[in-house]
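Please look over the sequence and the model before reading on.

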Amino acid sequence: MQLDILITLFLYTFGMLLCMMGYFWMANKYNIIDKPNERGSHSEITIRGGGIIYLVGAMITLYLHFEFWTPILSFFIIGIISFIDDIITLSSRIRIIFHLTGVTLLFYYMNLFAILPWWATIFLYIFVIGIINAYNFMDGINGITGANSLVVLSGLQYVNLYVTRFIHPDLIWFPILASIVFLFFNFRNKAKCFAGDVGSVTVALWICFLLMKLIFESMNYALILFLAVYGVDTILTIVHRLMLRQNIFQPHRLHFYQILTNERKIPHLIVSSTYALIQLVIIILVIFSNFNLFTLTTISIVPLGLIYVLIKPRLMSEDLTHKWSF
């Protein structure tokens, strides 16, 4: 990478760091904090909404590349309503309206309404909204959102720079920089801030946009495995809760990462790093191996599924299932 690009990225990172510190001042002044509760994995009061740094990254990107105003507007639509939800809890109906609006803007920008049949468009709506919610569900311990996002975005940037150029690099550099700045304050035993919905939802939509654009241009469907680790944990946890006859829309502590941190007391940063490293290995396989889609899916998904199904029950306390049944 050229030295002038490195210097520019460093200066933007420093500026985003200052913005984050300014947000901390505002959050302390207006009491935008997360209080511990029985459903969470934290025990101390912490600043909420640190993921607003992704909106700062989006704002810088818009300033530099106004031609991408449509997808960036979708990030703001979904990010701002999520930030409001972080401060004053909104109804799910209000949130879903804004989520659908943001996703619709992305589809319009990518001309998917003209390319795809109606049934495929509906499926893609469900799929993208599902990824956004999965990303939000997985944001429960220090470092996990930032580390996973950094790994996925870095993989996308490598593909963009060295394999298939599908978008201006800045559209990936700035969420990467936002992830680094966020991790500086969140990847700690005692985090200075949490991402909040504004962070997890915004970066999820940003990643969905990049993945969709790359997949539709390359027709390489194996790229969806960039989200394999989150996908397996989320889907199998939903199946688990349905088997327990729980309300899957209610808060819970049954994700695999929650069992590891809450029940087995494994440090947050070890769990987050492990999730990110596994995802990194899968991304490397997708980029550099010559395996076909079926083989890649098998060697990525099957081991994760077996770990979940065989190991998770042994880690759970006997009363956990009854305690969190509805």
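Is Phe 14 buried, partly exposed or exposed? Phe 14 is partly exposed, because its relative accessible area is 45%. The model is predicted.

## Phe 14 and helix H1

Phe 14 sits in helix H1, which covers residues 3-29. Phe 14 and Leu 177 are separated by 163 residues in sequence. In space, their C-alpha atoms are 9.6 Å apart.

## Thr 121 and helix H6

Thr 121 belongs to helix H6, residues 118-137. Its relative accessibility is 9%, so Thr 121 counts as buried. The cut-off for that class is under 20%.

What does Thr 121 touch, leaving aside neighbours within four places in sequence? Its contacts are Phe 107, Leu 112, Phe 113 and Leu 116.

## Cysteines

How many disulfides does the structure hold? The count is zero. Cys 19 is in no disulfide; its nearest cysteine sulfur belongs to Cys 193 and is 14 Å away. Cys 193 is likewise in no disulfide, with the sulfur of Cys 19 as its nearest, 14 Å away. A disulfide requires two cysteine sulfur atoms within 2.5 Å, so a separation of 14 Å rules out this pair.

## Overall form

The chain's secondary structure consists of 14 helices and two strands. Along the principal axes, the C-alpha trace spans about 55 × 50 × 40 Å.

Why does the radius of gyration agree with a compact globule? For 326 residues, such a globule would have a value near 20 Å, and the chain has 19 Å.

## Burial, surface and charge

Buried residues account for 52% of the 326 in the chain. The accessible surface of the chain is about 16,100 Å². Carbon and sulfur atoms supply 68% of that area.

On charge, the chain carries 19 positive and 15 negative side chains. The centres of these two sets lie 6 Å apart.

Note on methods: Residues are numbered from 1 along each chain as its sequence is written. This is a predicted model: local features need pLDDT of at least 70, side-chain atom pairs count only at pLDDT 80 or more; totals for chains, interfaces and linings use all residues. Side-chain values use heavy atoms; hydrogens and water are left out. Helices (H or I, at least four residues) and strands (E, at least two) are DSSP runs, numbered from the N terminus. The radius of gyration is taken over C-alpha atoms; the globule rule is 2.2 Å times the number of residues to the power 0.38. Buried means under 20% relative accessible area, exposed over 50%, partly exposed in between (1.4 Å probe, protein chains only). Accessible areas come from the Shrake-Rupley method with a 1.4 Å probe; for residues, only the protein chains shown count as cover. Lys and Arg count as positive and Asp and Glu as negative; His and the chain ends are not counted. The place of a charge is taken as NZ of Lys, CZ of Arg, CG of Asp or CD of Glu. Contact means heavy atoms within 4.5 Å.
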